[in-house]
Every structure is written in structure tokens, then in C-alpha cells.
Amino acid sequence: VGANNMKIYIVGIRDAEQNTISHIHMSYEGALKSFQKVRLELLEDVKRICSYEMETLRNSNLSQREIENLMCEDPKTIDNYPLDTPYIEEFELDE
């Protein structure tokens with residue numbers, strides 16, 4: 001990073017149709033904490049859906065796969081596409 005540049009880290013959720021930015025950080029460590037929070041919130045949502053599907057005897061194979069995908073704690077290797085996938089992206093800003 002040059003003397004007049006700084007890095008920021010964007011935490012968001014993307015799927016096949018949209019991208020949502022949820023947090024912006026000046027450190028990777030802060031972004032990683034937000035990433036984990038977002039990932040766990042998505043995981044809880046999917047678990048609720050899966051539980052509902054099992055109660056109503058609907059097919060929950062997709063939800064089970066999504067749960068497995070969202071168990072990945074590494075923002076560089078997590079892959080839940082085309083469904084909601086949390087991410088961290090690094091950008092360099094000019095001052």
C-alpha cells in the first residue's frame with residue numbers, strides 16, 4: 001500500500017441475483033469477525049428453514065447442503081453459490 005493509499009475490507013452476502021454489503025472495516029481482523037457473524041446468522045436462518053421443511057415432510061436436501069456449505073469458516077474457500085454466500089473483499093482507496 002502506498003503512502004497515500006489505505007485498504008478497506010467489505011463484508012457482504014451475494015447470491016445468483018444480488019449483492020448486499022453489510023459491513024465495511026479498516027482491518028481484516030474486524031472484517032473477519034463481521035464475516036463470521038453474518039455466516040452464523042445465515043446458518044441459523046437455514047437451520048430454521050430446514051427444521052420447518054422436516055416438520056412439514058417437504059424435501060430438505062437443499063437446506064442440508066446449504067447448512068454444510070455455511071459451516072465453512074474460511075472466507076476464501078466458502079462456496080454456497082447460487083445461494084446466499086458471505087464474503088470479504090479487499091479494496092485499496094486513494095486518499
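Biologist: Which residue in β2 does I13 stand opposite?

Modeller: I13 faces T20 in β2. Before we go on, this is a predicted model: local features need pLDDT of at least 70, side-chain atom pairs count only at pLDDT 80 or more, and totals for chains, interfaces and linings use all residues. Residues are numbered from 1 along each chain as its sequence is written, and side-chain values use heavy atoms, with hydrogens and water left out.

Biologist: Why are β2 and β3 called edge strands?

Modeller: The sheet is open, with 3 strands in the order β2-β1-β3 and antiparallel pairing. β2 (19-25) and β3 (85-94) each pair on one side only, and that makes them the edge strands. On average, neighbouring strands of this sheet are turned by 30° against each other, direction ignored. For that angle, axes are lines fitted to C-alpha atoms (for helices over the stretch in contact), and angles run from 0 to 180 degrees between N-to-C directions.

Biologist: Why is the pair of Y9 and Y28 called edge-to-face?

Modeller: Rings of Phe, Tyr and Trp (its six-membered ring) pair if their centres lie within 6.5 Å; planes under 30 degrees apart count as stacked, over 60 as edge-to-face and the rest as tilted. By this rule the count comes to 1 aromatic pair. The ring centres of Y9 and Y28 are 5.8 Å apart and their planes stand at 80°, so the label is edge-to-face. Y9 belongs to strand β1 and Y28 to helix α1 (residues 28-55), so the pair ties together parts 19 residues apart in sequence.

Biologist: What makes K7 and E90 a salt bridge?

Modeller: Side chains of opposite charge can pair when their charged atoms come close. The rule asks for a side-chain nitrogen of Lys or Arg within 4 Å of a carboxyl oxygen of Asp or Glu. In K7 and E90 the closest N and O atoms are 3.0 Å apart, and they form a salt bridge. That pair links K7 in strand β1 with E90 in strand β3, 83 residues apart. K7 has 28% relative accessibility, so it is partly exposed, and E90 is also partly exposed at 46%.

Biologist: How many salt bridges does a search of the whole structure find?

Modeller: It finds 4 salt bridges. Among them, R14 pairs with E89, with closest N and O atoms 2.3 Å apart. R14 lies in strand β1 and E89 in strand β3, so this pair ties together parts that are 75 residues apart in sequence. Another salt bridge joins the side chains of D45 and R48 at 2.2 Å, N to O. D45 and R48 are 3 residues apart in helix α1, so about one helical turn separates them.

Biologist: Why is R48 called exposed, but D45 partly exposed?

Modeller: R48 has 52% relative accessibility, so it counts as exposed. D45 has 36%, so it counts as partly exposed.

Biologist: How do you know that R14 lies over the face of Y87?

Modeller: A charge sits over a ring if NZ of Lys or CZ of Arg is within 6 Å of the ring centre and within 35 degrees of the ring normal. R14 is at 3.8 Å from the ring centre of Y87, and lies over its face.

Biologist: What is the mean pLDDT of the chain?

Modeller: pLDDT is the predictor's confidence in each residue, from 0 to 100. The chain's mean is 89, and 86% of its residues reach 70 or more. Among the elements of the chain, β2 has the highest mean (98) and helix α2 (residues 61-70) the lowest (85).

Terms used. Two strands pair if DSSP finds at least two bridges between them. Helices (H or I, at least four residues) and strands (E, at least two) are DSSP runs, numbered from the N terminus. Buried means under 20% relative accessible area, exposed over 50%, partly exposed in between (1.4 Å probe, protein chains only).
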